Amino acid sequence: MAGRGRPRAFDRDAALREAMCVFWRRGYEAASLAELTEAMGIRPPSLYAAFGSKEQLFREAVDLYMRTEGAVTPRALDEAATAREGIHRALAGNACGYTEPGKPSGCMIVLAATNCTPEHAGVQELLADARCGTQRRFRDRLARGVAEGDVSSGADLDACAAFYAAVLFGLSVQARDGACRESLLGVVDAAMGAWDGLVGVRG
């Protein structure tokens, strides 16, 4: 008689990625424990043993998202030769990512906690802080542009960073509402058309 096979080892990283996709698609509060455990291939006791709580699982999922799907923006800003190129790459790259087949539409950081009960205020604060961090990245890249000569020293960097962050976050909402990639890239082109008036080039 054949002996019982050994139980399949729990792949924590794979389970976390599945949880990330559930939170990304459904949002924090709408994602039920049943949905999460089914997607992760585990039972509730294993979820709590591995991650502690639903909120801690969400926090780890957000961290994973920021290191993977959410890395488009910092990479674009860091690698581009000019501030304009970096912001354009960030917007266009995310527009493509938000509409990638086989993945939830939009951005998890924008969409996963738009409405939460007071007991989950910490979840909303986590994502709000992440969005503020993105806006700061835009401002830092603009400030670098001033130092390197491709952004006017008279530009209002706070307003410019807020504008392009608002465009980025709006792309996420439009993607979730069903906008196609071509439509989102059209928004990106329009936003970049405002560059000279907003930012200017140092003379």
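Guide: What follows is a set of questions and answers about this predicted model.

Visitor: What makes up the secondary structure of the chain?

Guide: The chain has 11 helices and zero strands. Read from the N terminus, its elements run α-α-α-α-α-α-α-α-α-α-α.

Visitor: How far does the C-alpha trace span along its principal axes?

Guide: The span is about 85 × 40 × 30 Å.

Visitor: Why is Ala 39 called partly exposed?

Guide: Its relative accessibility is 30%. Buried means under 20% and exposed means over 50%. The value for Ala 39 lies in between, so Ala 39 counts as partly exposed. This residue is in helix α2, which covers residues 33–40.

Visitor: What does Ala 39 touch, leaving aside neighbours within four places in sequence?

Guide: Ala 39 is in contact with Glu 18 and Val 22. Contact here requires heavy atoms within 4.5 Å. As for Gln 124, it is 85 residues from Ala 39 in sequence, and the two C-alpha atoms are 23 Å apart in space.

Visitor: Why is Glu 79 called exposed?

Guide: Glu 79 has a relative accessible area of 55%. The cut-off for exposed is over 50%, and 55% passes it, so the word applies to Glu 79. Glu 79 belongs to helix α5. Its C-alpha atom is separated by 21 Å from that of Ala 130, a residue 51 positions away along the chain.

Visitor: And what makes Phe 163 partly exposed?

Guide: The relative accessibility of Phe 163 is 30%. Phe 163 lies in helix α9.

Visitor: Which residues are in contact with Phe 163, if neighbours within four places in sequence are left aside?

Guide: They are Ala 191 and Leu 198. Leu 198 is 35 residues from Phe 163 along the chain, with 9.2 Å between their C-alpha atoms.

Visitor: How much of the chain counts as buried?

Guide: Of its 203 residues, 40% do. The accessible surface of the chain is about 10,600 Å², and carbon and sulfur atoms account for 51% of it.

Visitor: How many charged side chains are there, positive and negative?

Guide: There are 24 positive and 26 negative side chains. The centres of the two sets are 6 Å apart.

Visitor: What lines the largest pocket?

Guide: The lining has 16 residues. Those nearest the centre of the pocket are Met 66, Gly 70, Thr 73, Pro 74 and Thr 134. A lining residue must have an atom within 4 Å of a point of the pocket. The volume of this pocket is about 210 Å³.

Visitor: Which helix supplies the largest share of that lining?

Guide: Helix α8 does, with five residues. The helices that each supply at least two are α4 (54–67), α5 (72–79), α6 (83–98), α8 (121–148) and α9 (157–176).

Conventions: Residues numbered from 1 in each chain as written. Predicted model: local features only at pLDDT ≥ 70, side-chain atom pairs only at ≥ 80, totals over all residues. Heavy atoms only, no water. Helix = DSSP H or I, 4+ residues; strand = E, 2+ residues; numbered from the N terminus. Buried < 20%, exposed > 50% of the residue type's maximum accessible area, 1.4 Å probe, protein only. Areas by Shrake-Rupley, 256 points an atom, 1.4 Å probe, with all protein chains shown as cover. Lys, Arg positive; Asp, Glu negative; His and termini not counted. Charge placed at Lys NZ, Arg CZ, Asp CG, Glu CD. 1 Å grid on protein atoms, 1.4 Å probe; cavity = no way out; pocket = protein on both sides within 12 Å on 5 of 7 lines; lining within 4 Å. Points joined across faces, edges and corners; volume = space filled by probe spheres on them.
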